[in-house]
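Here's a quick briefing on a structure with two chains to look at. Have a look at it first, then read on.

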Amino acid sequence: MAKRKLSRRRLLAAAAGLPLAGAASAQVIRGDMPWREGEADAPTPVQGGGYKFFNPAEAACIEAVVARLIPRDELGPGAVEAGVPIFIDRQLIGEFGRGARWYMQGPWGSGEKTQGYQTRLTPAAVYRAALKSIDDLVGREGKAATFAKLGPADQDDFLHRLEKGQVQLSGVETKTFFDMLLQNTMEGFWSDPIYGGNRDMVGWKLIGFPGARYDNRPFVTQYGKPYPLPPVGLMGRPAWSRS
Amino acid sequence: MATRLPPVDVLIVGFGWTGAILGQELTDAGLNVLALERGAWRDTPIDFPPTFDQDELRYYWRHELFEPLAHETLTVRNNVSETALPMRRLGSFLPGINVGGAGVHWNGQTWRFLPSDFLARSHNQSRYGAKAIPPDMTIQDWGVTYDELEPHYDKFEYLCGISGKAGNLQGAIQPGGNPFEGPRRREYPNPPLAMSYPPTLFAEAARSLGHSPFPQPAANMSRPYVNPLGVQLGPCTYCGFCEKFGCGNYSKASAQTTILPVLMKKPNFTLRTESEVIKLNYDAAAKRVVSATYVDASGQEFEQPAEMVILAAYILHNVRLLLLSGIGQPYDPQSGQGVIGKNYAYQITSSVNVFFDDKVLNPFIGAGAHGMVVDKYNGDNFDHSGLGFIGGGYIGNIQTGARPIETHPTPEGTPKWGSAWKKAVAANYLKSMSIATHGAVMSHRGNYLDLDPTYRDVYGRPLLRMTFDFTDNEHRMSDYITDRAAEIARAMNPREIKVNYRKGSWDVVPYQTTHNTGGAIMGKDPKSSAINRYLQSWDAHNLFVMGSTAFPQNPGYNPTGTVAALAYFSADAIKNQYLKSPGFLVHA
């Protein structure tokens, strides 16, 4: 039995139609359930540091955009404080950004709405085109040089028009981008902190979700009572590693 | 050129629930069995242990347990006047990948169909008259009855350790169970799961309206269980990562947690993973499949001869392999002739959000089949006279766990982002729940599967093409039962509700349900069906086709219980009839 990481990579490479140097043939499994001590396909936490996908102009734009989608307000931190821009950045340099699991062969047609996503662009290409286009459009409208330099009310107005399709991005379908942006922002706000967003579990604390809890048996029939435990992530809680 | 391998007695194509069931049964009969699975080995401690199983992003949104479409997808359209385009990203349904298939990420909602479901045409005709079935509604009787399947339902329920409450024990209606179900020989192997607050509120409201709510039968364990094969399952911990996730706790029945620990040890069983069958080699004169051609991970081709072939892939792959292999006549929607691809069906779902001011519901506490259900409006459990549709669905509150990226409901009129949205999410997350309806889809002349003329997979083979839309029958039915769900919601005295009808054409984008059915349906004769009542191909006597592929139309229940019962029924026929005298078990 080859290591699991290898076999998953092999599957994806096969999916992409890539030749595989030195790949073994089929796994023949007989006699027992295959398992080796310590073998587990644990997720890899996002490393800190600056942006790896977004250039400085794109970073300024995405930070300003997600700050309006989930603002910091009297209820607490918003998307920027939660690390959503870094979350999206790391997603875009990975498997998601490449659309590695998606069917990306042509021919390309737009079709009916009920036929779903049909763009040729990977998510990384969608963001690249859209963020540039947003700043270009804002610049042309003349209130500020870039989206990030607009005031909050003008930013909201622009995003509302984007959502309604009243402004058209160039190089990418507006709705495709907006839906992806909103979805990725929610993901960054509420996914496990190991992926770079939901910093200090602020997304979970906002709503009362207890995170990666494993055993809820004591609480199933505690009708109407608040859940007594604080949230926890896959790597524990910040309090565990702070003195 | 393909390397020819030594023959085996039985070749199983695809290694999920039905592959494991047939593997177990046919090795018991002393046969030498080989299973080919295109995905990789997958098991609890490696792929989804409790130390990292509760990861909404990885497993649901990044599709780790689901089929990678880069390798193969299908094209979709609502009707023949449209050009089908590929499903480039997963949405409406989530087929599985790797060992265990979709049976790893299922909820565990384990139903039996109603006795009348198996007689969809004759029962409705005799009760409502021939005119109740429109000319283009191509529903058929199954060719097998509830009574014939009952022992096989029972066998699967005991294999899995289903938690539930019987509603009909040998004809005697039982308080607390489903009064509409067919008679069962004995009680469920395990008592129902403990109920959290939302299903309890739903059940109280339903009772106040005169309904008989009962616990959703669950493949989530309400207590430790040892199944008849000696495999142990642990008690469910209600962690809420079940639907669309693997279970880290051995608490949800799957091939891995019920069969494989026994089957994998048998000397007459072999599994080859990362081996994708691309064609069944068919001898039309002899009416048998002689071998399967498969490709391994390095791209090498092999030919595997076998005395018998069990097609046990997901429904969409079963149908596509039959079409690519030239076994059976492809269905033509114009003439209504042909059988492969015929009667593709789906299910129709809707929901009602319920918002309270005064009740803390802790909606993240859950399990895939943890909830209460009303079955009065399913199948023919109610009088359809004058309603303009046949069929139905169940109404229930199933608390599968409110993982926040997927579930953060807001009241009608809330914006989708910004401070007002944030306020609404924060105010409602702990105090809202949802009532779901889960409805049948009848088969229709224009809903079918065939090969796409344009799009190809990584091997250059045509993709499957799905032509499907909901018909008037489905919309009328779904609207009717959604209104009944809303009545129950109002009886809960919430602050407000939001009714989400299923409007318009079928849309591939939003997740609805992974209950695709049909395309190689079972039936009484080779003109109207692809396989006989034993799931044996009418065109190749040594080929048996498993799965919901066989459903002539799709009743209003989750399919796995019936998929498994049919698999056991078929295995029984192979062991007790076919092996004694290989040939067609039903003569056309």
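In E21 of chain B, Met466(B) is the bridge partner of Val76(B). This is a predicted model, where local features need pLDDT of at least 70, side-chain atom pairs count only at pLDDT 80 or more, and totals for chains, interfaces and linings use all residues. Residues are numbered from 1 along each chain as its sequence is written, while chains are lettered from A and ligands numbered from 1 in the order in which they are written.

**A sheet in chain B**
- Strands E4 (residues 74–77) and E21 (residues 462–467) of chain B run parallel and are joined by 4 bridges; strands here are DSSP runs of E with at least two residues, helices are runs of H or I with at least four, and both are numbered from the N terminus.
- Those two belong to an open sheet of 4 strands in chain B, ordered E5-E4-E21-E20, with mixed pairing (two strands pair if DSSP finds at least two bridges between them).
- E5 (85–86) and E20 (448–456) of chain B each have a single partner strand, so one side of each goes without a neighbour in the sheet.

**Where the chains meet**
- Chain A puts 81 residues into the contact and chain B 83, with contact meaning C-beta atoms, placed from the backbone, within 7 Å.
- On chain A's side, the elements giving two or more residues include helix H2 (56–69) and helix H8 (174–190).
- The biggest giver there is H1(A), with 8 residues.

**Strands across the chains**
- E1(A) and strand E11 (residues 269–273) of chain B run antiparallel, joined by 3 bridges.
- Within that pairing, Val28(A) sits opposite Arg272(B).

Key
Contact = placed C-beta atoms within 7 Å.
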